[in-house]
Amino acid sequence: MAARAAPRYANDMEKQHETSPAERIRDVCRYIERHSDEALTIGRLATLASMSRFHFARSFRSVTGVTPREYVNRSEERRVGKECRSRW
């Protein structure tokens with residue numbers, strides 16, 4: 001029997017089927033931190049986590065203690081604060 005080749009992934013976010021929901025949420029949190037200057041929608045974030053929007057929102061709050069929108073807003077605030085401090 002021929003050995004099955006390992007799939008090639010364009011990036012880590014595509015490995016979702018191999019990770020737990022909590023790991024996927026942590027990956028999305030890192031994505032949010034890196035892309036806080038972009039318009040991030042719940043639909044986009046849920047897609048990155050390979051979840052429905054409803055399941056993503058519930059899972060996100062369960063793992064982080066805040067809603068996805070609250071997390072995005074806080075990330076944006078931190079980014080803007082850093083930018084302001086670096087300019088002074």
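Analyst: A residue is called buried here when its relative accessible area is under 20%, exposed when that area is over 50%, and partly exposed in between. The model is predicted, and every value below is computed from it.

The protein chain has four helices and zero strands, so read from the N terminus its elements run α-α-α-α. Of its 88 residues, 30% count as buried.

Now the rings. The structure holds two aromatic pairs. In one of them, phenylalanine 56 and phenylalanine 60 have ring centres 5.5 Å apart and planes at 55°. Planes under 30 degrees apart would count as stacked and planes over 60 as edge-to-face, so this pair is tilted. Both residues belong to helix α3, which covers residues 53-64, and being four residues apart they are separated by about one helical turn. Phenylalanine 56 has a relative accessible area of 0% and is therefore buried. Phenylalanine 60 also has a value of 0%, so it is buried as well.

The other pair joins phenylalanine 60 to tyrosine 71, with 5.5 Å from centre to centre and 80° between the planes, which is edge-to-face. This pair links distant parts of the chain: phenylalanine 60 lies in helix α3 and tyrosine 71 in helix α4, 11 residues apart. Tyrosine 71, like phenylalanine 60, is buried. Phenylalanine 60 takes part in the tilted pair and in the edge-to-face pair. Phe56, Phe60 and Tyr71 together form one aromatic cluster.

Arginine 78 forms a salt bridge with glutamate 33, and the closest N and O atoms are 2.6 Å apart. This pair too links distant parts of the chain, with arginine 78 in helix α4 (residues 68-87) and glutamate 33 in helix α1, 45 residues apart. Arginine 78 has 39% relative accessibility, so it counts as partly exposed. Glutamate 33, at 34%, is also partly exposed.

The count of salt bridges comes to two. In the other one, arginine 30 is joined to aspartate 27, with the closest N and O atoms 2.3 Å apart. Both of these residues lie in helix α1, three residues apart, or about one turn of the helix. Arginine 30 is partly exposed at 44% relative accessible area, whereas aspartate 27, at 16%, is under the 20% limit and therefore counts as buried.

Helix α1, residues 21-34, also holds arginine 24.

Among contacts with a separation of 6 or more, 51% are between residues 24 or more positions apart. The accessible surface comes to about 6,400 Å², of which 51% belongs to carbon and sulfur atoms.

Key. Residues numbered from 1 in each chain as written. Predicted model: local features only at pLDDT ≥ 70, side-chain atom pairs only at ≥ 80, totals over all residues. Heavy atoms only, no water. Helix = DSSP H or I, 4+ residues; strand = E, 2+ residues; numbered from the N terminus. Salt bridge = Lys/Arg side-chain N within 4 Å of Asp/Glu carboxyl O. Buried < 20%, exposed > 50% of the residue type's maximum accessible area, 1.4 Å probe, protein only. Contact = heavy atoms within 4.5 Å. Areas by Shrake-Rupley, 256 points an atom, 1.4 Å probe, with all protein chains shown as cover. Phe/Tyr/Trp six-rings, centres within 6.5 Å; stacked < 30°, edge-to-face > 60°.
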